[in-house]
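Please look over the sequence and the model shown here before reading on.

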Amino acid sequence: MENCYDLLIIGGGPAGLSAAIYGGRAKLKTLIINKGAVGGLVNATREIVNYPGYLKVSGPDLMKDFKKHAENVGVEFLKDEVISVDYNQVLKTLTTRKGKQVSAKAVIIACGSEPRLLNIPGEKRLRGMGVAYCATCDADFFEGEDVVVVGSGDQAIEEGMYITKFARKVTVIVLHDEGVLDCNKASAERAFNNKKMEFIWNSTVEEVLGEENVEGVKLKNIKTGSSSILDCQGVFFFVGMIPSTSFLRDSGLEIDQKGYIPVNDLMETNIEGVYAVGDNRVKYLRQVVSAAGDGAAAAVAAERYIEEIENFNAKVLKSDKKVLLLFFNASVSESLQYGAMLEEIVSECSDRYEIIRVDTATKKTLAKKYHIKDIPAAVVLDKGEKIKDLEISMDKEKMKFNLFS
Amino acid sequence: MKCEAKTKKIIVLGLDGMDPSLTKKFMDEGKLPNIKKFVERGAQREDLVMLGGLPTITPPLWTTLATGAYPGTHGITCFWNQDHDDLSGIVYNLDSRMSKAEPLWNVSAEAGKKTLVWHWPGSAWPPSSTNPNLYVVDGAQPAAVQMSAANVDTEKFLVASEKIKKVIYKPKYINETGAGCVIEELEEDKFSAEDAKALLERHKRPSIVNIELDHTRGELSLVMPPYDVINSPIKPAEGWVNAPEGAKEFSVITDNGLTRRPALVLKNAQGIYDRVAIYQSKNEKEPLFELEEDKLIVNVIDKVNVNGNLVPSTRSFKVLEIAPDGSEVRMWLGTAYDINNDERWHPKQLYRDVIDNVGYVPCFSQLGGKNYEFSARVLQPVWQNYAQWQADALNYLIEKHGFEIIFSHLHMIDAQGHIIWSFAKEREDSDTDPLAYQKLIENCYIHADEYIGSFLHLLDEEWTVIITSDHGLVCRQDLPPLLGDPGGVNVRVMQELGFTALKKDESGNELAEIDWEKTIAVNTRSAYIWLNLKGRNPHGIVDPADKYEVEEKIIDALYGYRDPKTGKGIVSLALRNKDAVILGLDGPETGDIVFFLKEGNNRTHGDCLPTAECYFDTSISPIFIAAGKGLKEGFTTTRVIREVDLTPTMAVLAGLRMPAQCEGAPVYQILED
Amino acid sequence: MPLHQLDDDSFEEIIYDNGEACLVVFSRKSCHVCQEVVPVLEELEYKYHGKFGFYRVDIEEQKTLFQRFSFKGVPQIIFFKNGEYQGKLSGKVEDEQVEEKISNTLD
Ligand SMILES: Cc1cc2nc3c(=O)[nH]c(=O)nc-3n(C[C@H](O)[C@H](O)[C@H](O)COP(=O)(O)OP(=O)(O)OC[C@H]3O[C@@H](n4cnc5c(N)ncnc54)[C@H](O)[C@@H]3O)c2cc1C
């Protein structure tokens with residue numbers, strides 16, 4: 001099948017690319033679907049000084065290396081955006097904006113994040129006419145002019161400092177009390193010493209003013225509630241990022257309130273065969289190096305998972321005996337006893353059955369596929385086709401009868 | 001107070017910047033026949049002088065003329081008012097909601113008199129009475145009707161030539177040299193387009209900060225305001241559906257660079273290129289319109305592209321030159337006005353009425369300055385045309401609508417004053433010909449006389465006509481050290497005196513920003529000095545207990561200051577706020593200190609006493625001429641007529657009550673017994 | 001396929017003289033948002049071949065053109081039909097927005 005892969009990766013940032021490299025090297029048929037330029041958010045970073053092995057590298061250059069590496073191990077790329085997912089089958093299916101459907105045994109979500117919009121009046125209307133989100137792109141248009149930076153995180157302060165190379169003055173609008181910035185200490189110190197940088201504390205921007213071009217911003221002091229107007233020709237918004245996971249909202253995937261996906265050490269989500277990595281997942285540090293690490297872990301976990309389902313399929317389909325799928329869960333002691341009993345029966349009485357144990361704690365998809373609600377449960381398959389649900393009884397004789405009548 | 005009416009109908013012909021000294025000079029030379037007739041039939045002082053109010057600035061004084069109240073009382077204290085939260089901030093003032101005094105037009109409307117307020121740049125817009133007898137047209141910007149709301153594209157100058165290689169559209173260009181308009185290369189601008197635009201559209205902003213480090217952001221910015229420059233190659237016409245033989249083509253770029261109209265240079269039967277035809281596109285058979293050299297074409301209707309919407313608008317053109325061989329064309333394109341914009345007309349149907357019966361509102365021009373050709377061939381004729389339209393419009397309204405009280409204002413003299421007056425004198429930085437410019441000043445007064453002449457008939461129709469102005473204008477000496485400019489904070493002298501400090505960047509360069517931690521006081525909005533007072537100003541450093549003493553120190557320092565160039569003092573008068581009541585300039589809207597520059601050290605107007613005189617018989621004084629019903633005929637008085645006296649005089653003439661805050665007194669001496 | 005690049009002369013000719021319904025994207029190499037938007041247009045161009053023109057202006061190379069429009073940032077996509085400006089899109093845009101604007105322009 002042309003549109004069928006072993007491993008699908010949504011997002012081509014460092015997390016997705018690292019996963020792809022591991023996937024490709026494990027000889028998985030791997031596809032990255034990425035909507036923007038390959039490299040993700042890193043493309044927007046002028047300078048990276050904390051990625052091991054590189055003293056200093058530009059974001060786009062580093063990502064070129066990542067991409068080359070991925071291509072080298074046979075990874076395919078599709079430039080498109082995933083807009084919906086179906087995780088209900090063993091084979092997961094993704095639909096793209098351009099209407100393409102692709103499916104795979106495992107999916108890694110590596111969609112990263114996008115800049116948050118404040119959705120205040122003027123923000124949208126004056127975009128490109130003084131409202132900007134990218135210092136590298138637009139800072140030099142503000143040569144000799146007054147610029148406002150909204151936000152005080154690493155990005156806001158570092159980009160703000162870059163803008164001072166061009167602007168006459170950069171005024172940073174900070175939510176917090178005087179002296180408190182969200183960025184790292186070193187940046188804060190440099191910013192405070194930068195004569196072209198000024199700070200307005202306890203304030204937010206309520207509106208961007210101007211007819212054709214930005215002419216000023218309306219500020220609100222959140223302590224006193226008073227409003228004021230600050231003249232400027234440019235406004236750069238750096239008010240944080242939000243994970244690009246909204247298209248996954250109704251997929252059954254667990255997502256927290258902020259849009260992050262909880263995972264375990266193996267990057268496994270609540271759905272079997274679906275992994276979340278990089279900036280998308282709940283985690284402590286969101287950096288290129290940790291994104292790459294996540295990608296590696298997820299790819300390896302996916303590889304194992306794929307191997308398992310392949311094993312399972314091989315066993316079930318190739319078996320000349322009937323297959324008894326035995327669903328258990330370690331926390332339900334009854335299911336363990338029942339399993340032991342069935343195994344006993346089969347080994348005592350016949351070679352007509354092969355037993356395959358299915359742990360419902362991890363193999364949720366299989367449980368779902370066979371509509372298993374309560375455990376213990378068992379299903380009889382012949383050449384992969386289900387022939388019956390086994391009626392459950394803890395009476396050994398009755399079970400024998402159920403199996404062999 | 002109310003008395004028997006002496007007249008039913010009064011029209012005030014306000015001419016911004018009209019100077020009694022120049023008027024008398026040209027009148028005595030026989031050049032102003034219409035004004036002479038008014039004077040002969042009227043009652044005024046021999047010298048035509050009205051004692052000017054202070055500061056000698058448009059919005060406060062037109063407000064005074066309409067209310068009879070001093071600026072300290074009505075609260076409009078300069079071109080801008082003070083932003084009290086930020087001493088470097090200034091607040092736009094052409095807004096009636098900021099005036100605390102009742103205008104006479106509200107009184108007359110409420111008394112049942114049909115009253116028209118026409119482009120009065122002093123607390124007229126928005127209308128402050130809902131009385132249906134009150135009609136108001138614009139006044140939200142000093143220059144001309146429609147400029148405050150309907151302008152959709154700024155004025156431009158085009159140079160097309162076979163020598164020009166590519167099409168260039170340079171928005172908001174500030175041509176400091178006054179030379180031609182060929183853009184050599186993309187030079188780094190001293191002003192960015194944004195700056196220039198901000199200068200042009202200051203009136204659209206409620207509040208701005210303008211820190212003046214030199215004269216370019218003050219007085220000088222008025223001499224040569226920015227305009228758009230278009231350069232285009234001229235080539236043989238190519239790809240046209242219907243281009244006559246021998247036609248050459250060029251491009252006209254408008255609408256912020258968005259629109260291009262292709263144009264042809266055409267030759268006559270003798271083979272001389274003498275016309276320009278502008279087309280919608282090369283696919284059209286017929287041009288939109290044709291232009292001839294030296295002919296002002298007004299109010300051609302075209303569509304202006306405003307953010308992708310095509311807005312039907314008027315535009316005016318004048319071709320200054322067509323080279324006989326068609327190798328060069330130079331032409332002016334006026335400001336475009338949206339023809340459907342009636343925002344500044346009250347009631348709105350007045351707009352339709354006027355444009356249907358008198359014609360579309362024509363534009364004015366700001367080109368000129370050092371460029372004599374622009375001054376003589378664009379600025380003046382365009383204003384002359386505007387004045388004619390305004391006279392027609394007022395006469396139409398008088399005739400058709402039965403108005404009884406009219407307050408009207410024409411900006412023509414002041415507008416040209418800022419742009420060309422200073423060149424009536426030899427200038428070090430300019431090779432302009434003073435005599436030629438003196439002639440332009442004379443022309444401007446002749447145009448004013450023509451305008452005034454359009455109302456001469458009213459004297460025979462039971463009208464009372466009052467010709468007046470807010471202030472005069474002078475052909476200044478050299479600009480003074482940076483103090484007293486009305487456009488914002490004047491840094492230099494106060495910095496030298498140690499009262500104002502600027503911030504510096506890492507490398508020690510000055511920033512155009514006040515360092516409030518080190519600033520004791522600032523001079524802002526021409527005449528005013530504010531102390532940076534603890535508890536009152538956000539970053540105040542002066543203890544209120546020391547206020548009196550600091551004021552004294554500043555006043556002494558002002559009087560003691562010497563212009564480094566001349567060694568002479570530059571301040572003629574400096575008073576504490578409480579003492580400035582003698583000038584009508586006390587109260588919360590002026591400053592802790594009020595001061596004025598000495599005669600000879602002043603700008604075109606705005607920073608000195610109203611009695612100042614200057615080169616070429618120019619003076620800062622406003623004018624007062626009154627004639628017609630209720631007034632003595634051919635009468636002169638020695639009475640000092642003050643600006644606050646206009647309103648009470650009109651009230652007495654028309655039998656109206658005095659407006660609530662009126663502080664003047666009727667000029668009894670000129671009233672008919 | 002890379003978009004056809006315009007300079008001062010070809011801008012006049014294609015946008016105004018030919019009056020083709022088209023868009024022009026103003027971009028620069030150092031802008032990563034442009035690097036995302038331009039490929040979107042490149043793909044759309046294929047779809048609209050023969051119906052709608054797609055052009056590019058590099059603002060580093062064509063300073064006069066850029067200055068003429070007084071833009072404050074890139075990318076900017078401006079739309080024309082019959083030589084008349086029809087509006088613009090600024091900053092990061094998705095293909096749907098571009099297509100919507102194209103269909104408005106063609107209407
Ligand atoms: C200003 C700034 C500076 C930074 N500096 C550094 C630094 O110096 N060092 C460092 O280590 N880290 C830095 N970071 C953090 C680093 O960029 C991120 O942690 C890292 O990029 C996360 O990688 P990712 O692969 O998870 O996501 P991303 O890099 O965001 O990539 C996600 C990709 O997925 C695509 N995508 C999203 N949704 C879909 C969809 N539905 N379908 C298809 N594709 C989709 C996106 O277009 C994007 O290409 C910085 C971040 C910022 C904002």
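What is the handedness of the link of Cys134(A) and Cys137(A), and how many degrees are there about the S-S bond? The link of Cys134(A) and Cys137(A) is right-handed, with 80 degrees about the S-S bond. This is a predicted model, in which local features need pLDDT of at least 70 and side-chain atom pairs count only at pLDDT 80 or more, while totals for chains, interfaces and linings use all residues. Residues are numbered from 1 along each chain as its sequence is written, chains are lettered from A and ligands numbered from 1 in the order in which they are written, and side-chain values use heavy atoms, with hydrogens and water left out.

**Cysteines**

A disulfide is a covalent bond between the sulfur atoms of two cysteines. Here the term is applied to a pair of cysteine sulfur atoms within 2.5 Å, and by this rule the count over all chains is one disulfide. The sulfur atoms of Cys134(A) and Cys137(A), which form a disulfide, are 2.3 Å apart. Both Cys134(A) and Cys137(A) are buried, where buried means under 20% relative accessible area, exposed over 50%, and partly exposed in between, with a 1.4 Å probe and protein chains only. Cys22(C), by contrast, is in no disulfide, and the nearest cysteine sulfur, that of Cys34(C), is 18 Å away. Cys22(C) is buried, with a relative accessible area of 0%, and Cys31(C) is likewise buried, with a relative accessible area of 0%.

**The ligand site**

The ligand is surrounded by 33 residues, the closest being Asn34(A), Asn50(A), Val82(A), Asp279(A) and Val288(A); a residue is counted here if one of its heavy atoms lies within 4 Å of the ligand. The table gives polar contacts, which are pairs of N or O atoms within 3.5 Å.

| Residue | Part of the residue | Ligand atom | Distance |
|---|---|---|---|
| Ala15(A) | backbone N or O atom | oxygen | 3.0 Å |
| Asn50(A) | side-chain N or O atom | nitrogen | 2.8 Å |
| Gln287(A) | side-chain N or O atom | oxygen | 3.0 Å |

Of the 990 Å² of accessible area that the ligand has on its own, the protein covers 89%, the areas coming from the Shrake-Rupley method with a 1.4 Å probe. The elements that give two or more residues to the shell around the ligand are helix H1 (14-25), strand E2 (30-34) and helix H6 (288-318) of chain A; helices (H or I, at least four residues) and strands (E, at least two) are DSSP runs, numbered from the N terminus. By class, the shell has 14 nonpolar, 13 polar and six charged residues, where Ala, Val, Leu, Ile, Met, Phe, Trp, Tyr, Cys and Pro count as nonpolar, Asp, Glu, Lys and Arg as charged, and the others, Gly among them, as polar.

**Backbone details**

In chain B, the peptide bond from Trp125(B) to Pro126(B) is cis, with omega near -5 degrees, and Pro126(B) lies in the loop between strand E5 (115-118) and strand E6 (134-137). In chain C, a cis peptide bond joins Val74(C) and Pro75(C), with omega about -5 degrees, and Pro75(C) lies in the loop between helix H3 (63-68) and strand E4 (76-81).

Gln146(B), a residue other than glycine, has a positive phi near 85 degrees; Gln146(B) is placed in the loop between E6 and strand E7 (151-153) of chain B and counts as buried at 1% relative accessibility. Asn299(B), also a residue other than glycine, has a positive phi near 55 degrees; Asn299(B) is placed in strand E18 (residues 296-306) of chain B and counts as buried at 17% relative accessibility.

Note on methods
Polar contact = N/O pair within 3.5 Å; in protein donor to acceptor, adjacent residues only side chain to side chain.
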